[in-house]
Amino acid sequence: MIRPIVLLGDPILRQKAEPIEKIDDEIKTLINDMFQTMRDARGMGLAANQVGVAKRVFVAETGRFWTAFVNPRIVEASKTEEVETEGCLSIPDKTVKVRRPSTVIIEAENEMGVHFRLACADWDARVVQHEMDHLDGILIIDKALES
Ligand code: ZN
């Protein structure tokens with residue numbers, strides 16, 4: 001089921017999301033819905049609070065992976081940084097330049113509860129960092145560089 005995407009101004013986007021204790025049917029349904037919602041909106045990533053649920057899960061679909069990240073943690077980030085233009089499904093029609101580490105290592109569980117560790121570079125790294133920020137209530141406008 002496609003869920004409505006929460007837009008800038010809704011306080012849930014500023015909330016720190018809660019860890020998921022158990023991947024039950026409700027969470028599995030949420031993840032399925034998030035994949036559908038992301039695809040429908042042609043996004044590369046979507047965090048749960050963007051559909052109004054303050055839980056620590058996001059989905060991402062890049063050229064390299066298509067997966068759910070439950071209780072994700074960035075365990076390593078490069079000192080090297082890159083600046084790129086980003087948009088956000090919750091802030092339509094706005095793009096800003098954001099500086100981020102070029103590569104990160106992220107750990108999470110997938111929708112089956114299987115723990116995984118993923119080294120990300122380029123857009124993959126940017127997408128997972130953007131979505132991690134959502135789970136901590138941080139938006140691209142907070143990080144926007146003067147252009
Ligand atoms: Zn976003």
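What volume does the largest pocket have?

1. The volume of the largest pocket is about 230 Å³. A pocket here is an open set of points on a 1 Å grid over the protein atoms alone, where a 1.4 Å probe fits, with protein on both sides within 12 Å along at least five of seven lines; lining residues have an atom within 4 Å of a point. The volume is the space filled by probe spheres set on the points, which are joined across faces, edges and corners.

2. The model is predicted: local features need pLDDT of at least 70 and side-chain atom pairs pLDDT 80 or more, whereas totals for chains, interfaces and linings use all residues. Residues are numbered from 1 along each chain, and side-chain values use heavy atoms, without hydrogens and water.

3. The lining of the largest pocket comprises 15 residues, with M44, G87, C88, H130 and E131 nearest the centre. Helix α2 contributes the most to this lining, namely six residues. Helices (H or I, at least four residues) and strands (E, at least two) are DSSP runs, numbered from the N terminus.

4. The zinc ion is coordinated by C88 (SG), H130 (NE2) and H134 (NE2), at 2.0 to 2.3 Å. C88 in strand β4 and H130 in helix α2 are 42 residues apart, so that the pair links distant parts of the chain. Donors are N, O and S atoms within 2.8 Å of the metal (3.2 Å for Na, K and Ca); water is not among the atoms, so sites may look incomplete.

5. C88 is buried, at 9% relative accessible area, and H130 is likewise buried, at 10%. Buried denotes under 20%, exposed over 50% and partly exposed in between, with a 1.4 Å probe and protein chains only.
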